[in-house]
Amino acid sequence: MSVSRCVFLFSRLQRHIRTRTATTTAGTCHASGFFHKRRPAGSVLCSRYVSSSGSSQKPPDTSLFVPISLKTDCSVDGSVGLELTQPLHKSELLKVLNRFYKKKEMQKMASDHGLDARLFHQAFISFRKFVLEVTSLPADLHIILSDICSGAGHVDDIYPYFMRHAKIIFPMLDCMDDLRKISDLRVPANWYPEARAIQRKVIFHAGPTNSGKTYHAIQRYLGAKSGVYCGPLKLLAHEIFEKSNIAGVPCDLVTGEERTFMDPDGRVSGHVACTIEMCSVNTPYEVAVIDEIQMIRDPSRGWAWTRALLGLCAEEIHVCGEPAAIDFIRELMYTTGEEMEVNTYKRLTPFTILDQALESLDNLRPGDCIVCFSKNDIYSLSRQIEARGLQCAVIYGSLPPGTKLSQAKKFNDPDDPCKILVATDAIGMGLNLSIRRIIFNSLIKPNVNEKGEKQMETISTSQALQISGRAGRYASKFKDGETTTMHRDDLPVLKEILSHSVEPIKTAGLHPTAEQIEMFAYHLPEATLSNLVDIFVSLSQVDGMFFVCNIEDFKFLADMIQHIPLNLRSRYIFCTAPINKKQPFVCTSFLKFARQFSRDEPLTFDWVARHVSWPLSAPKNIKDLVHLEAVHDVLDLYLWLSYRFMDMFPDTALVRQTQQELDDTIQEGVRNITRLIRATDSTATDPLRTQGSRGGPAGGNTASSDPLTNSKGERARRDPGEMDSSLASRLVRDGLLTPNLLQQLQKEWSKDQKGVQQEFTNQGTLDAEPLNNINKRKKKKK
């Protein structure tokens, strides 16, 4: 017998032994190490996923499993299989593979090992492409396929090789148990061993707005040897920081973008005021204050309150918030073995719901605050208010903190002629305002649900109480608080909302940590960060007290910078940056920051200044103001990143100084922008605006995008003295229309509509048909 014949028989014998072993051990599908893929040195072998391993576990969402693409232009074994057998004909291979795919037994076996119908189909398509297109098949696979094509083997023999391929392109199948363990979020209290090592005392200060609940907690905070205040907003952290230092209690300030240490040498003070995401769960304190605890159920940020409540290492935890959270927080404390004391407070000043809606801006009184849920409504109302000879302050969420404080100070100053405030629900917390009456311009607000989807909803009882409670603040000029609506039809709805008690809190938010994502990435090295997080949430297990916060913003940023080469930890940190994804300039800047960082090139002040075109001039219109706000957000992003990558963002002081100058410019713009709006807004008789109000050429409703349309879709009231401008000015100002196009439109309009302009002006509407068509219709009627 020749040597080659011996080698052939020996190889064939080995193949049959391996095939038989792999087929009979269907529970593992890789006996003798046959299906192990190469792993880094020192790595831990993943547990195999078995369908029967825990009937209570929810099945994974296999739509999130993205197959890995394999190269077909290389081969590990060279042409050994071809030398031992014979060439394979693709037409015969295709018939064999299709027979294998159609066998129900094969699909059932694959399903028992994690390949549902979707994954089985994807794996087969990949396997078929690999077999038909690879330069040279692995020797063992080549031999088995040759046997089947020649009638010496059975099509079922393909199964173990198919499974080997499936586990290569879907690596999560081979370590599903480990992935489930990593994403097990059922006992979050155990994540904080330092907090569990001490017996904490939890005191809940419960009450409505303006009840003094936070005041009592802060008094205990100031009297302690050490303490931490955790608030939902930078403004609240700043307020406690200032109060503490004025009271002679040295206090540091820590927010995502700022670190202020009172000690000249930079030593940490015993007290710190911080935004809740920035609180330390490793530093011991005597007293901790967690403000606005009801936000533990927030779909996006609730995880921060959960982390603070379960993880702060303080002897006393003072929790402030709505009574609706009492039962849930008490139940949550049972999981840590800690009892809770409850102190309830009543509102310090009276609060009434009026029986009359405002209906007209002519009925405004000093101390009134109109609450809107869009900036367009704010611009429209502020113009109309100033047209009546009144001054108003403007506050909305995207304004820098300094500008908000400046506008609040202007409104609160009894010597300032500004007596009216127009604001979004940004005033709901974080600002002390002397408001007599809250007027809801609308009761519909855009919200983001747990899935990250935006939807328009009527405000909740909690939101209505939070906003209405800003009227009649204790120790302010107006002791009695009142609330009503702008429109008569909304008033019964508001009364109905406020007649209900706040819905009890039932769940708290959680969020995967960087360490958990890193462990996931170790098992799934080819997956994108966005895909890793999706799979994590899909496999995560939470008990009935918790939910996983929505991660849409995180995924948005992860997808944006996926093509940029970053290590996983840096990528994760970048994706947790708090930016407004609705601002294109901010998103572009984020992308440029990540690209510059990936090149290991420091982001200097000069680099940033070139990017934002610093210095910037004062805004001349709303578009300019919005851009300045976006630049302020970009500088905020720089400062946020600078505290996480100090070496790569070295010019913090210069950027902060620039940001202060920009804040001053924005403040000046906000003080003047209402006059600019009043001077340049179009009139009701402007042909182009009238066309827009009727739906435009497409017949769509433009009420939501028209700055002069109120929240109910009605045209805003105008005084005769305001009829001196046009929509064209605003379109040019906003960059939606060029001067050349405007001139062309004016010529066409003058040519087509001459002779009927007076009729359009009197009617306040625009008929798109020419005059001759109008006359024809009149003749027909006769």
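**Group meeting: a cavity, a sheet and a helix pair**

The largest cavity in this predicted model has a volume of about 60 Å³. A cavity here is a set of points, on a 1 Å grid over the protein atoms alone, where a 1.4 Å probe fits but cannot get out. Grid points are joined across faces, edges and corners, and a volume is the space filled by probe spheres set on the points.

Before going on, two notes on the numbers. Residues are numbered from 1 along each chain as its sequence is written, and side-chain values use heavy atoms, without hydrogens and water. Because the model is predicted, local features need pLDDT of at least 70 and side-chain atom pairs count only at pLDDT 80 or more, while totals for chains, interfaces and linings use all residues.

Back to the cavity. Its lining residues, those with an atom within 4 Å of a point, are Pro366, Gly367, Phe411, Asn412, Asp413, Lys419, Ser434, Lys477 and Phe478. By class that is three nonpolar, three polar and three charged residues. Ala, Val, Leu, Ile, Met, Phe, Trp, Tyr, Cys and Pro count as nonpolar, Asp, Glu, Lys and Arg as charged, and the others, Gly among them, as polar.

Next, the sheet. Strands (E, at least two residues) and helices (H or I, at least four) are DSSP runs, numbered from the N terminus. Six strands form an open sheet in the order β9-β16-β13-β10-β12-β11, with parallel pairing; two strands pair if DSSP finds at least two bridges between them. β9 (351-353) and β11 (392-395) are at the edges with a single partner strand each, so one side of each has no neighbour in the sheet. Inside the sheet, β10 (residues 368-371) and β12 (residues 420-423) pair over four bridges, and Val371 stands opposite Ala423 in β12.

Helix α15 (residues 401-412) lies across β10, β11 and β12, at about 150° to β11. Angles run from 0 to 180 degrees between N-to-C directions, and axes are lines fitted to C-alpha atoms, for helices over the stretch in contact. Contact means heavy atoms within 4.5 Å. In the loop between α15 and β12 sits Asp416. Leaving aside neighbours within four places in sequence, Asp416 is in contact with Gln391 and Lys410.

Last, the helix pair. The axes of α5 (residues 117-133) and α7 (residues 159-169) come within 9 Å and cross at roughly 105°. That makes α5 roughly perpendicular to α7, a label for angles of 65 to 115 degrees. Their contact has nine nonpolar, three polar and no charged residues.

Key: Angles under 35 degrees count as roughly parallel, over 145 as roughly antiparallel, 65 to 115 as roughly perpendicular and the rest as oblique. On a 1 Å grid over the protein atoms alone, a cavity is a set of points where a 1.4 Å probe fits but cannot get out, and a pocket is an open set with protein on both sides within 12 Å along at least five of seven lines; lining residues have an atom within 4 Å of a point.
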